[in-house]
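User: I am new to this structure and would like a close look at a single part of it. Please take the time to give a connected account.

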Amino acid sequence: MSNKVLIIIGDASETLDTLYPYYRLQEGGYEPVVAGPEKRLYQMVMHEIKPGWTITKEWEGYTLNAEIAFADIVPEDYAGIMLSGGRAPEYIRYDQNLVKATRHFVESGKPVACVCHGVEILAYADCVKGRRMATVPKCKFDLEVCGGIFVDEACVVDGNIVSGRTFHDNGRYFGAFMKQLDEARDREGSGSEAATPLAANGRC
């Protein structure tokens, strides 16, 4: 089994949505591979509701290099995929190479992590019908109009999709994603012929 896990970003990906998973994957013995529309440096943002505001404000965050472009993703080479949040998903979701890769992970049963606006990618790829998912409330419509079920919780596991609302949930939802990766790795290491299908609604 590959120890590589994709992290999907673009310009204006949320810094904490992205870097927390990036380093947690390394800590767990996985190799995070950052992918973007092109192989280049991307500007991330801090994406938060400023005190006294009712809408989200963005500040410049760190930058991060995408090691590969969406067009160069070979989904079979990866153990799972992480869809980061921020403003990026609103724009990159239309990339057909990303759509194809996203569908591969969902349909093959490989672990999928999604936080905040990352749900816009899954929704556009037609991967949320009947799925219970957490996301930031402003993306509730995107989820529901595409057939998903909005759940206002810090961690929601529905089959192979693990989701959180915002980076404030990093410490809650991402551990469930890591657990799915570890279980898949353990099954592979034990020589199991096939992965056991995941329960429709798991626990965090």
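Predicted model: local features only at pLDDT ≥ 70, side-chain atom pairs only at ≥ 80, totals over all residues.

Analyst: Asp-126 is placed in the loop that joins H4 to strand S8 (132-133). Its phi is positive, about 65°, although Asp-126 is not a glycine.

Helix H6 comprises residues 170-189. Its 20 residues should span 28 Å at 1.5 Å a residue, and the C-alpha atoms at its ends are 28 Å apart, so the two values agree. Among the buried residues of H6 are Asn-170, Tyr-173, Phe-174, Phe-177, Met-178 and Leu-181. The buried residues of this helix pack against H1 and against several strands, including S1 (4-8), S6 (80-83) and S7 (112-115).

The axes of H1 (residues 15-27) and H6 come within 11 Å and cross at roughly 40°. H1 is therefore oblique to H6, and the crossing is right-handed. On the H1 side, Leu-16, Tyr-20, Pro-21, Arg-24 and Leu-25 take part, and they meet H6 residues that include Gly-171, Tyr-173, Phe-174 and Leu-181. By class, this contact has nine nonpolar, three polar and one charged residues.

How values were computed
Residues numbered from 1 in each chain as written. Heavy atoms only, no water. Axes fitted to C-alpha atoms, helices over the stretch in contact; angles between N-to-C directions. Helix = DSSP H or I, 4+ residues; strand = E, 2+ residues; numbered from the N terminus. Parallel < 35°, antiparallel > 145°, perpendicular 65-115°, else oblique. Left-handed = near helix turned anticlockwise from the far one by under 90°. Contact = heavy atoms within 4.5 Å. Nonpolar A, V, L, I, M, F, W, Y, C, P; charged D, E, K, R; others polar. Expected span 1.5 Å × (residues − 1). Buried < 20%, exposed > 50% of the residue type's maximum accessible area, 1.4 Å probe, protein only.
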